Amino acid sequence: MEKPNVLIIGAGGVAQVTAHKVAQWSAEFGDVHMASRTRDKADAIVDSIRDKGRAQGLTITTHALDATDTDALIGLIRQIGARIVINVGSPFINMSVLAACIDTGAAYIDTAIHEEPDKICETPPWYANHEWKRREACERAGVTAILGAGFDPGVVNAYARLAEDEYFDEITSIDIVDINAGSHGRYFATNFDPEINFREFTGTVYSWQDGAWQENRMFEVGRQWDLPVVGTQTAYLSGHDEIHSLSARYSQADVRFWMGFGPHYINVFTVLKSLGLLSEHPVTTAEGQSVVPLKVVKAVLPDPASLAADYTGKTCIGDLVKGTRDGQPAEVFIYNVADHRDAFDEVGSQGISYTAGVPPVAAAILIARGTWDVKRMVNVEDLPARPFLDLLGEMGLPSRVIDARGDHPI
Ligand code: NDP
């Protein structure tokens, strides 16, 4: 069977990992293309792939593209014959990229939920505000659209599905815990796009508990977790994409997301937020200039990709799942540990970009092989988890489980 041409959209930290992994697994694909707003950044990524000696026999071409211009994107997809589009650009472009895929019949993969620039924290479930409105259109067009196929969302959704398939008769709670125990050595920086990162924490914290949406404020509910490799860490109840799909499939269970933060991050965040510097709404300066404070903060903070060279330490991200098996209470923790330095040595990126950038390539390979080519719109938990998690193990993101037998590979 002919290998599908693939188009990667975006040229940031996550796209760098995605492009390297596509190059490493190029036997699964036809021609590879990268399109982003700033073409130079895509060219730099291609150079880094060549520097690692991974471009032999690989056709990889870059393009300048504003992905909010659906017609231009449709034209590009047709011109290059892309059959799979991996969207690892900003989440503001999801709906236009999805529209282009529906029009051209190309498969669509992303790693974050769609966001509108001027709206933070829409009505839950968030997927219903944008992506899920195109479900029928995908089905009619026979388009495979896999939503949220990064690590979280993404792999953690597959962990919930693995728990459902292999460990439980009934699931009563899913607690997703994300700890970055790494250190980048800067006074303050975010691990991915600061604008997107802060937007996650300035709105209402939604969790799904007792069969309903619960509302909290950021840093209101904290809890200590004792985790493999990274040890005891404090994580806070946070709002996150995956709660908004997992709560539909596992509506009987409590679904919560916990993210680890140190006191320094919380302090800086609180000062910025209290001053109004994290607002997405424009303000007018004394000179009459209109500026969005959040965009100014982004402009002065380090580019997340620039943290990679000095980043040390590890991440641990996993799902604590509770429920019943054969009438008995049961509990498992399914997780991955990633190392920032290993990620840098392999693909020149930090660990957060690595954990987010590898899974969409695994999803693309499974579409190319037909295993996940489902011709409709799905979230990751709607698909069999085993092929995805086993492939990720081969691709550098192995998963482990702590269950009644102890701590072992899944
Ligand atoms: P970056 O900000 O580093 O990169 C975003 C890229 O998108 C940039 O190259 C940017 O171009 C490009 N872009 C923005 N707007 C457009 C546009 N209109 N047309 C074309 N290209 C555009 O972000 P990251 O790489 O850190 O994150 C990428 C995605 O991954 C985000 O959606 C993020 O939320 C998601 N993510 C998911 C995670 C997960 O585990 N699920 C974890 C981390 C991130 P330019 O260079 O010109 O600015």
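This report describes the ligand site and the domain interface of the structure above.

The structure is a predicted model, in which local features need pLDDT of at least 70 and side-chain atom pairs count only at pLDDT 80 or more, while totals for chains, interfaces and linings use all residues. Residues are numbered from 1 along each chain as its sequence is written, and side-chain values use heavy atoms, with hydrogens and water left out.

**Domains and ligand site**

The domain assignment, which is automatic or taken from a database, divides the chain into domain 1 (5-150 + 349-395) and domain 2 (155-347 + 400-409). Both domains give residues to the shell around the ligand, so the ligand lies between them. The shell holds 28 residues, each with a heavy atom within 4 Å of the ligand. Arg37, Thr38, Lys41, Ala67 and Thr111 are the closest. By class, the shell comprises 13 nonpolar, ten polar and five charged residues; here Ala, Val, Leu, Ile, Met, Phe, Trp, Tyr, Cys and Pro count as nonpolar, Asp, Glu, Lys and Arg as charged, and the others, Gly among them, as polar.

Of the 930 Å² of accessible area that the ligand has on its own, the protein covers 90% (Shrake-Rupley method, 1.4 Å probe).

**Domain interface**

The C-alpha centres of domain 1 and domain 2 lie 22 Å apart. Contact (heavy atoms within 4.5 Å) links 44 residues of domain 1 with 44 residues of domain 2. The two domains bury about 3,600 Å² between them, 61% of it on carbon and sulfur atoms; this is the accessible area (1.4 Å probe) lost on putting the parts together, summed over both. Ile120, Gln350 and Glu381 supply 20% of the area that domain 1 buries against domain 2, more than any other three residues.

Four salt bridges are found across this interface, a salt bridge being a side-chain nitrogen of Lys or Arg within 4 Å of a carboxyl oxygen of Asp or Glu. Arg199 forms a salt bridge with Glu115, with the closest N and O atoms 2.7 Å apart.
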